[in-house]
Amino acid sequence: MRWKRPLPWIVAVVATATACGGPSHSAARTDGAGGGAAAGAASARPAPPQRSAVPSAGVRSVGVLLDEDGHWCTASVVDSPRGNVVATAAHCVFAGGSASSGFSFAPGYRGGSGDPAPYGTWKVRTVLVADAWKAAGADADAHDYAFLTLEPDGRGRQVQQVVGAARPDWASGPERRVTVTGYPNKDRNPSDGPISCTTDTRRDPDLPGSMLMECDGFFDGTSGSPWLAGGRLIGVLSGGETDEESTAVLFDARTRGLYDRAVKAAGA
């Protein structure tokens, strides 16, 4: 699998928390063509799936992971009791046996504007990845997701209070209409803003428990982008064999076990 992240990636050691336990989207026509029952039927048709991502207004709860050298991956806020949990891809934050440190999350990021972090930057406190990912075994790709916990801002607010969050779905099927929003690196995205694609997914034949979409434009930097179906988070972008194809591991009971560990760490 070709991961969608920049290289080289500098890895630093951080203490990770240890704990036990483990849109479907239908767009109506707005051109006003036709009338009567025929027009009503046309308005109910789903929009065709996009084949290429386009610049978008973004989502307030979706942003970038960044440090003093810039941003390298996408992440998003996940609904949680304390309101300080973020989801991304495991390969974005843990490699070579160690987790990244000294970085932050900037929701609603717009690097080409005068205020690139309109909702502030939130320091990452803990990084949690699956034990199978740490072991780098044969099935590691099936665990390419991570949850991060964040510190509150200077006013004591949690990130979810400021930008909202997507509720996770732990039992989605692989054939869905999804909207995916991410941040390619500046070399492929000079405006340094978000891109989005609403398209259909199918089962990934090369990785059990994963889904695949065909939508061009998700270049390096978009790893960790949330896949939202019906407004619910069903996975995060992991990689793809080409820039036209992207994959994500479907969130399941194993993912929920890791999320529960993040929730516990978030309240510690």
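Q: Which residues does Ser61 touch, not counting residues up to four places away in sequence?
A: The model is predicted, so local features need pLDDT of at least 70 and side-chain atom pairs pLDDT 80 or more, while totals for chains, interfaces and linings use all residues. Numbering runs from 1 along each chain as its sequence is written, and side-chain values use heavy atoms, without hydrogens or water. Contact means heavy atoms within 4.5 Å. On that rule, Ser61 touches Ala75, Ser76, Val77, Phe105, Val163, Gly164 and Ala165.

Q: Is Ser61 buried or exposed?
A: Ser61 sits in the loop between strand E1 (54-55) and strand E2 (62-67). Buried means under 20% relative accessible area, exposed over 50%, partly exposed in between (1.4 Å probe, protein chains only). Ser61 has 8% relative accessibility, so it counts as buried.

Q: Which side chain meets Arg261 in a salt bridge?
A: A salt bridge puts a side-chain nitrogen of Lys or Arg within 4 Å of a carboxyl oxygen of Asp or Glu. Here the N to O distance is 4.0 Å. Arg261 is buried at 10%. Its partner, exposed at 52%, is Asp131.

Q: Which strands hold Arg177 and Asp200?
A: Arg177 and Asp200 form a salt bridge, with the closest N and O atoms 2.4 Å apart. The pair links distant parts of the chain, 23 residues apart. Strands (E, at least two residues) and helices (H or I, at least four) are DSSP runs, numbered from the N terminus. Arg177 lies in strand E10 and Asp200 in strand E11.
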